[in-house]
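Subject: Structure handover

Hello,

Here is the structure you asked for. Please open it next to this message, and the notes on what was found in it follow below.

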Amino acid sequence: MKAKQITTYHVKGEAKTWEKALAPEDESKSVKMIESNVINLYPDFAFQTIEGFGGAMTESSAYLLSRMDEETQNQALQDIFGPDGLHARFVRVPIDSCDYSLEEYQAVADPVADPDLATFSIDRDRKYVLPMLKKAIEISAEPISVLMSPWSPPYQWKTAPKIAKNDAAVYGAMGMPVPEEIPQRNHGGSLKPEYYGSWAKYVVKYLQAYLDEGIPVTMLSLQNETVAATTWDSCVWTPEESKTYLKDYLYPEMKKAGLTDKIGIFIWDHNKERMIEHVLTVLDEETMDMVAGIAFHWYSGDHFEAVELMKQKYPDKTFMLSECCALHMPGRIGFATVVSDR
C-alpha cells in the first residue's frame, strides 16, 4: 500500500479533499526531525487480539435515529452495522437512565414501596432503544454482543451525595453545587448495603427482560464510572463494596437465574489511572472466576501503563475500552474545545 497525505478543508461549508502521494523516505538520511509526526506500523509484531469495535445505544441516540425518515435511518444503521459499513459488533446499553437520556427514569418508580419489584417494567426502553437495537441486529454484518451498564441504582436505595466523595479530579463535581440532603440519581451517593440484594435482583430482572426481547446480552459491568460522583446519574463504590456486592449478591443472583454462563461480568468501567488499585482489591482466589474482564475509559490522561500492567497480571481476562467521547481528548483533563465552521 502506497502512503499518501489526505487533507480535508472547507469552502463555504462544503468539505473538499486533497490527496498527495508520498514517496518512501529513509529516516536515517533525513536532515529534519520527523519522529513526532510519524506513526510506524510493524505488522510482523502481534500482541493482543482485537475482537471488534462498537458504540453506545443510549436513549438519546435511539431517539435521534427514530426521528429520521426511514431512508436516512436505514442508511445510518447500515453505515455503522452493515456489511459495507463500520462492522460495529459491540453495543453498550445503559440500565435505566444515564447522561445521554432524555430524562431520568428507572424500571421501578419506587422500589421501597414495591420491594418485590412487581411493578418492574422496561416499557421505557421499548419506546426508542429496543426498536433501534433490533434493527441494528438485523442489519449487522456480524453477530452483535450487548454490554449492559448501570449508571445508578434507584435513588430511594442510595445515600445522599457527600462532598468528600465528589472528586473533581476523577471527573466528578466539576465545581457545581452538590445537594447533600436528598438521595438522588445524580451527584453520586452510594447504594446502601441493606439494598445490595435488592439491586442484584433488579439488575438480573433487567438482563432477563432484554434476553426475553431477543437482545444478545453477553456482558455486564458492575457500575459505570465506579468512583465518579458526576452531576448526572452516578453511584460511588469503594473496591471493598464492589467486591462484597459481586461475590455475595450479584454473582449468586445471576447464577440462580442461569446467567453466569451466558453473561460475563466486567469490573471497574472507569478511567485507566485508578484501575490497578481497584482491580487488585476486587480480584482474589474467590472472585477470580466470577469476573470475565476489566472495562476502562480513556479520560483523564493516557495512563496506558495501567492497562499493560493489568494485562500482564491477568492475561486470561478480557480488556474492554467501554467508553470514550470526542468531547474529552486523550491526554487532557476536562472538556476539549469543539470548533465548528457554523
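Arg89 has a relative accessibility of 16%, so it counts as buried. Glu142, at 35%, counts as partly exposed. Please keep in mind that the model is predicted.

Salt bridges

In total, the structure holds 14 salt bridges. As background, side chains of opposite charge can pair when their charged atoms come close.

Another of these bridges joins Arg126 and Asp123, with 2.5 Å from N to O. These two residues are three apart in helix α3, so about one helical turn lies between them. Arg126 is partly exposed, with a relative accessible area of 38%, and Asp123 is partly exposed as well, with 49%.

The side chains of Asp248 and Lys247 also meet in a salt bridge, at 3.2 Å from N to O. Asp248 has a relative accessible area of 40% and is partly exposed; Lys247 has 22% and is partly exposed too. Elsewhere, salt bridges with shared partners join Asp123, Arg126, Lys134 and Glu213 into one network.

Helix α5

Helix α5 covers residues 196–212, which makes 17 residues. From its first C-alpha to its last it reaches 24 Å, close to the 24 Å expected at 1.5 Å a residue. Which residues of α5 are buried? Among them are Tyr196, Gly197, Trp199, Ala200, Tyr202 and Tyr206. The buried residues of α5 pack against several elements, including β4 (90–95), α4 (129–139), β5 (145–150) and α6 (239–256). Just after α5, Gly214 takes a positive phi of about 85°.

Aromatic pairs

A search of the whole structure finds eleven aromatic pairs. One of them is formed by Phe120 and Tyr202, which are edge-to-face, with 5.6 Å from centre to centre and 85° between the planes. Phe120 lies in the loop between β4 and α3 and Tyr202 lies in helix α5, so this pair links parts of the chain that are 82 residues apart. Are Phe120 and Tyr202 buried or exposed? Both Phe120 and Tyr202 are buried.

The rings of Tyr196 and Trp237 also pair. Tyr196 counts as buried at 4% relative accessibility, and Trp237 counts as buried at 3%.

There is also one aromatic cluster, made of Phe120, Trp157, Tyr195, Trp199, Tyr202, Tyr206 and Tyr210.

A surface patch

Tyr42, Phe45 and Phe47 form a nonpolar patch on the surface, and together they have about 460 Å² of accessible area. Phe47 is in the loop between β2 (14–21) and β3 (54–56). Its relative accessible area is 71%, so Phe47 is exposed, as the cut-off for exposed is over 50%.

Regards

Notes
Residues are numbered from 1 along each chain as its sequence is written. This is a predicted model: local features need pLDDT of at least 70, side-chain atom pairs count only at pLDDT 80 or more; totals for chains, interfaces and linings use all residues. Side-chain values use heavy atoms; hydrogens and water are left out. Helices (H or I, at least four residues) and strands (E, at least two) are DSSP runs, numbered from the N terminus. The expected span of a helix is 1.5 Å times one less than its number of residues. Buried means under 20% relative accessible area, exposed over 50%, partly exposed in between (1.4 Å probe, protein chains only). Contact means heavy atoms within 4.5 Å. Patches are made of residues with over 30% relative accessible area and no salt bridge: like charges are joined within 9 Å, nonpolar side chains (Val, Leu, Ile, Met, Phe, Trp, Tyr) within 5 Å. Accessible areas come from the Shrake-Rupley method with a 1.4 Å probe; for residues, only the protein chains shown count as cover. A salt bridge is a side-chain nitrogen of Lys or Arg within 4 Å of a carboxyl oxygen of Asp or Glu. Rings of Phe, Tyr and Trp (its six-membered ring) pair if their centres lie within 6.5 Å; planes under 30 degrees apart count as stacked, over 60 as edge-to-face and the rest as tilted.
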